[in-house]
Amino acid sequence: MPDLERRFTIRANDFVNAGEVSLEIQSILKHIGFNPALIRRISVCAYESEMNVVMHGGDGEALLKVSPNSVTLVFTDQGKGIKDIELAFKPGYSTANLKHREMGFGAGMGLPNIKESADSIEIHSEEGHGTTLNIGFELEGDFG
Amino acid sequence: MAELTHTLSRGSSVQIDETLCNGCVLCMKACPTKAIRVRDGLARIQGVCVDCLECVRVCPRGAVKGVTPPYSDLKNGEHYVVSPSSVLYSQFGAGFLPNDILLGLRAMGYGYVHDQSYTSEIYNFALELYIREERKKPEPKFPLISAICPVVERLIAYRFPSLLEHIVPLATPREIVTREAKRRFSDKNKCRPEDVSLLHITPCPAMSSQLMEHSLHDASNKDRAIGISAIHERIRQKAQEQAMEQDRVLHYSGGVGVGWGKSGGEIAALNAQSLAVSGLHESIRYLKKVEMGLLEDLEFLELRVCTEGCIGGPFTVADRYQAKHLIERLVRMFGEERRVKYNYVLKLYNEGWFRSQWKRVPLESGSPRLSISENIERQNKIEDLIRKLPGIECGACGSPDCRTFAEDVVDGIARLEDCVCRQDRGRREVAREC
């Protein structure tokens, strides 16, 4: 059983509130008192994942699980799924549309950035059946 | 050289006049660090104040004040060096040029008047050199964040400690002025720098607190800071008398130094990918963005918590938009470039003139530090409590919002019974049962 668990709803194409879930996650982690560098890594992953759900995932949710020695983020969505996962992790590869690009998104760095910042990453996706992204962070000692 | 810890000032220039405060929630709700509570019908500061003075701006009764020492507390004298912020040039209307104002200050009896705007121009070049150095590092800390606004510095240290290493680590113009003005004066007058006292004239309460808490480097306990508003009238009188005698030049800077105090002043002549943001909430919004890693394409970010920059500072006299207009005119008059020579600054830079041996550290709230497990437990308790609260953020309990109230209850500094909405709900339920 994790010691702290929070669930957040993410809405498809809601660019007005996009980023709010990541900010909330960041604020919870700050209150718990993890070290700033770790919080920063988690925030980057949370933000990139949240934007992925907003842009490609349809409606979805984020789950934050915190225990004294690990932090886990799970993003689940009911979107169109990822056709070629290996390709999706290639820096610069993007399926973002023109509208996303006009807003400054879709550089194809989302998943590569997450992979770089996380300690472990697990992804399950089926075309037409959505995606589940499980991102793990390990903590050393009591202060992260 | 040993690294010294940069103890940020914990001082606050905010004072609450209990005879005027009626215990409303406005200042408490405006505070970006949630440092204010209303207890027994009075606002009190009990957390970390970053000296932004947002509480002063929102108080409709004038009960919350930013305090600057009065002019009568200052001693004039030959060993007193005065250094005004360039914001002063925008406070007297179009009839006064920077040199008139500096001549006025000299005529007030100060031994030496140091034109801070000139130092700002020198610093601006050094900043550019530092950015160039950063570009060559394998992992540059971009965007670098300006160290000019002391409130931004304190906000980062308290709310965004992971960004401390993004703050430009050079000695700031106010620190350089503190060191150089004294050195120059003592060289010229054959006395020891320690015997020289420096008077800063500033629009900024946080800068003033920094000095009074002795956390401004190279400052001594003889140095003073005074708000522009406290000395403005006297300077005007003297400057008017001096306006006819244009024989001495005390003002050396170009438009960059003159425009330093307005938002965008630091980036006006900077050869770097840069952006200027002003206003408390906008600055916080940008700090959050940087923390999320969103602005890595940017090399330099100028943040000032006062809207329109330091010309909107709490100790100013002129309206910030009129001041901005005047500054823009002066910038056109003095040219949009720096008057300092590049090679001169490069030499100073390589000699270590701008090096600061201070390391910035996080600002702690002072409450006992809990372990991660204890904090997780605390967060769960807070979350359980929040579910019992109305979530209308009224502040009537004396805490700024429902979440902070829940924290206060868990920490034992408020009682759940203080929630007015819960009391009311209880009453209504009792009434229905009767």
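Student: How much area do chain A and chain B bury between them?
Tutor: This is a predicted model. The size of an interface is often given as the accessible area lost when the parts come together. Of the area buried between chain A and chain B, 58% is on carbon and sulfur atoms. The total is about 2100 Å².

Student: How many residues of chain B are in contact with chain A?
Tutor: Chain A brings 23 residues to this contact.

Student: How many residue pairs are in polar contact across the interface of chain A and chain B?
Tutor: Two salt bridges are counted between chain A and chain B. For polar contacts, both residues must be at pLDDT 80 or more. Under that rule the number of residue pairs is 11.

Student: Which element gives the largest share of the side of chain A that touches chain B?
Tutor: The elements that give two or more residues to that side are strand E1 (4–10), helix H1 (20–32), helix H2 (36–57) and strand E2 (60–67) of chain A. The largest share is seven residues. Its source is H1(A).

Student: How many charged residues are on the side of chain A that touches chain B?
Tutor: By class, that side has 10 nonpolar residues and seven polar ones. The charged residues number six.

Student: Which residue of chain B meets the side chain of A:Arg6 in a salt bridge?
Tutor: The bridge runs from N to O, at 3.3 Å. A salt bridge needs a carboxyl oxygen of Asp or Glu within 4 Å of the nitrogen. The partner of A:Arg6 is B:Glu383.

Student: Is B:Gln379 buried or exposed?
Tutor: B:Gln379 sits in helix H13 (residues 372–388) of chain B. Neighbours within four places in sequence aside, B:Gln379 is in contact with A:Leu4, A:Arg6, A:His31, A:Ile32 and B:Arg403. Its relative accessibility is 1%, and the cut-off is under 20%, so B:Gln379 counts as buried.

Student: How far apart are the centres of domain 1 and domain 2 of chain B?
Tutor: The domain assignment places domain 1 at 71–360 and domain 2 at 372–434. The centres are taken over C-alpha atoms. They are separated by 45 Å.

Student: How far apart in space are B:Ala225 and B:Gly426?
Tutor: B:Ala225 belongs to strand E10 (residues 224–227) of chain B. B:Ala225 counts as buried, at 4% relative accessibility. In sequence, B:Ala225 and B:Gly426 are 201 residues apart. In space, C-alpha to C-alpha, the distance is 53 Å.

Student: Which peptide bond is cis, with omega near -5 degrees?
Tutor: Most peptide bonds are trans. Here, look at the loop between helix H4 (116–135) and strand E8 (144–145) of chain B, where B:Pro143 is found. The cis bond runs from B:Phe142 to B:Pro143.

Student: What is the phi of B:Glu308?
Tutor: B:Glu308 lies in the loop between strand E12 (300–304) and helix H11 (320–334) of chain B. B:Glu308 counts as buried, at 16% relative accessibility. Most residues other than glycine have a negative phi. B:Glu308 is not a glycine, yet its phi is positive, at about 70 degrees.

Student: What is the relative accessible area of B:Glu393?
Tutor: B:Glu393 is in the loop between H13 and helix H14 (402–410) of chain B. B:Glu393 also has a positive phi, near 55 degrees. B:Glu393 is partly exposed, and its relative accessible area is 36%.

Note on methods: Residues are numbered from 1 along each chain as its sequence is written. Chains are lettered from A and ligands numbered from 1 in the order in which they are written. Side-chain values use heavy atoms; hydrogens and water are left out. Domain bounds come from an automatic or database domain assignment. Contact means heavy atoms within 4.5 Å. Buried area is the accessible area (1.4 Å probe) that two parts lose on being put together, summed over both. A polar contact is a pair of N or O atoms within 3.5 Å; within protein, one must be able to donate a hydrogen and the other to accept it, and residues adjacent in sequence count only if both atoms are side-chain atoms. Helices (H or I, at least four residues) and strands (E, at least two) are DSSP runs, numbered from the N terminus. Ala, Val, Leu, Ile, Met, Phe, Trp, Tyr, Cys and Pro count as nonpolar, Asp, Glu, Lys and Arg as charged, and the others, Gly among them, as polar. Buried means under 20% relative accessible area, exposed over 50%, partly exposed in between (1.4 Å probe, protein chains only).
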